[in-house]
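Please keep the sequence and the model at hand while reading.

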Amino acid sequence: MSKDNMTDFKDEATQAVEMEDEAKAQPDVSTYTHRFKKPFTHENHVVEELHFDFDLLTGRDYTAIEDEMNRAGKTLVVPEYSSSFLEGALMRACTDRDKKGIRIVSAAFMGALPIREYKALIGKARAFFLRQA
């Protein structure tokens, strides 16, 4: 392994510690309302805001997300840094439903989000889990 790669790993580890410290310094927010910069349309749903309650998540949710990732051939090493895991948590923590009571936030929904909105949501989920560590 080259010294450059070693430096990259050290930099990433330092960044991870800094992110965890930053998350722990923030107030513990288990509920979150995300307001979109512009209304977002997905599958005939126009969404201006989404509501999340991370305290609704259970151990069953955690293992279900892990199982979904395993079926997709993805390995979960550190949940707080896995976008796939955080997406699964966001899908389950979102309290918004359509008229039939079905979750609005899905994998397809997450994949279609503008990157700014996606990163904001992933960041909130990551901060929640880092505070729990």
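Is Glu49 buried, partly exposed or exposed? Glu49 counts as partly exposed, at 31% relative accessibility; buried means under 20% relative accessible area, exposed over 50%, and partly exposed in between, with a 1.4 Å probe and protein chains only. The structure is a predicted model, in which local features need pLDDT of at least 70 and side-chain atom pairs count only at pLDDT 80 or more, while totals for chains, interfaces and linings use all residues. Residues are numbered from 1 along each chain as its sequence is written, and side-chain values use heavy atoms, with hydrogens and water left out.

## Salt bridges

Side chains of opposite charge can pair when their charged atoms come close. A salt bridge is here a side-chain nitrogen of Lys or Arg within 4 Å of a carboxyl oxygen of Asp or Glu. By this rule the count is three salt bridges, and they are listed in the table.

| Salt bridge | Closest N and O atoms |
|---|---|
| Arg35 and Glu49 | 3.4 Å |
| Asp61 and Arg92 | 3.7 Å |
| Glu68 and Arg92 | 2.5 Å |

Elements are DSSP runs numbered from the N terminus: helices (H or I) have at least four residues and strands (E) at least two. In the salt bridge of Arg35 with Glu49, Arg35 belongs to strand 1 (residues 31-42) and Glu49 to strand 2 (residues 45-53), and the two residues are 14 residues apart. Arg35 is exposed, with a relative accessible area of 55%.

Asp61 forms its salt bridge with Arg92. Because Asp61 lies in helix 2 (residues 59-71) and Arg92 in helix 3 (residues 83-93), this pair ties together parts that are 31 residues apart in sequence. Both of these residues, Asp61 and Arg92, are buried. Glu68 also forms a salt bridge with Arg92; Glu68 lies in helix 2 and Arg92 in helix 3, so the pair ties together parts 24 residues apart in sequence. Glu68 counts as partly exposed at 34% relative accessibility, whereas Arg92 counts as buried at 13%. Through shared partners, the salt bridges join Asp61, Glu68 and Arg92 into one network.

Where is Glu117 placed? Glu117 is in helix 5. Glu117 is buried yet has no salt bridge, and the nearest side chain of opposite charge, Arg116, is 6.1 Å away; for charge, Lys and Arg count as positive and Asp and Glu as negative, while His and the chain ends are not counted. Contact means heavy atoms within 4.5 Å. Neighbours within four places in sequence aside, Glu117 is in contact with His34, Arg35, Phe36, Lys37 and Lys38.

## Nonpolar core

A nonpolar core is a set of buried Ala, Val, Leu, Ile, Met, Phe, Trp, Tyr and Cys residues joined through side-chain atoms within 4.5 Å. The largest nonpolar core has 29 residues, of which Leu50, Phe52, Phe54, Leu90, Phe109 and Leu113 touch the most other members. At least two residues of this core come from each of strand 1, strand 2, helix 2, helix 3, helix 4 (107-112) and helix 5 (115-132).

Beyond four places in sequence, the contacts of Leu50 include Tyr32, Phe36, Cys94, Val105 and Phe109. Phe36, in strand 1, is buried, with a relative accessible area of 10%. With residues up to four places away not counted, Phe36 touches Val47, Glu48, Glu49, Leu50, Phe109, Leu113 and Glu117. The C-alpha atoms of Phe36 and Ala120 are separated by 9.9 Å, although these residues are 84 residues apart along the chain.

## Aromatic pairs

Rings of Phe, Tyr and Trp (its six-membered ring) pair if their centres lie within 6.5 Å; planes under 30 degrees apart count as stacked, over 60 as edge-to-face and the rest as tilted. The whole structure holds eight aromatic pairs. One of them, Phe54 with Phe128, is stacked, at 5.0 Å centre to centre and 20 degrees between the planes. Phe54 lies in the loop between strand 2 and helix 2 and Phe128 in helix 5, so the pair ties together parts that are 74 residues apart in sequence. Phe54 is buried, with a relative accessible area of 3%, and Phe128 counts as buried at 9%. One aromatic cluster is formed by Tyr32, Phe52, Phe54, Tyr62, Phe85, Phe128 and Phe129.

## Backbone angles

Most residues other than glycine have a negative phi. Glu43 has a positive phi of about 45 degrees although it is not a glycine, and Asn44, also not a glycine, has a positive phi of about 65 degrees. Glu43 is exposed, with a relative accessible area of 58%, and Asn44 is exposed, with 79%.
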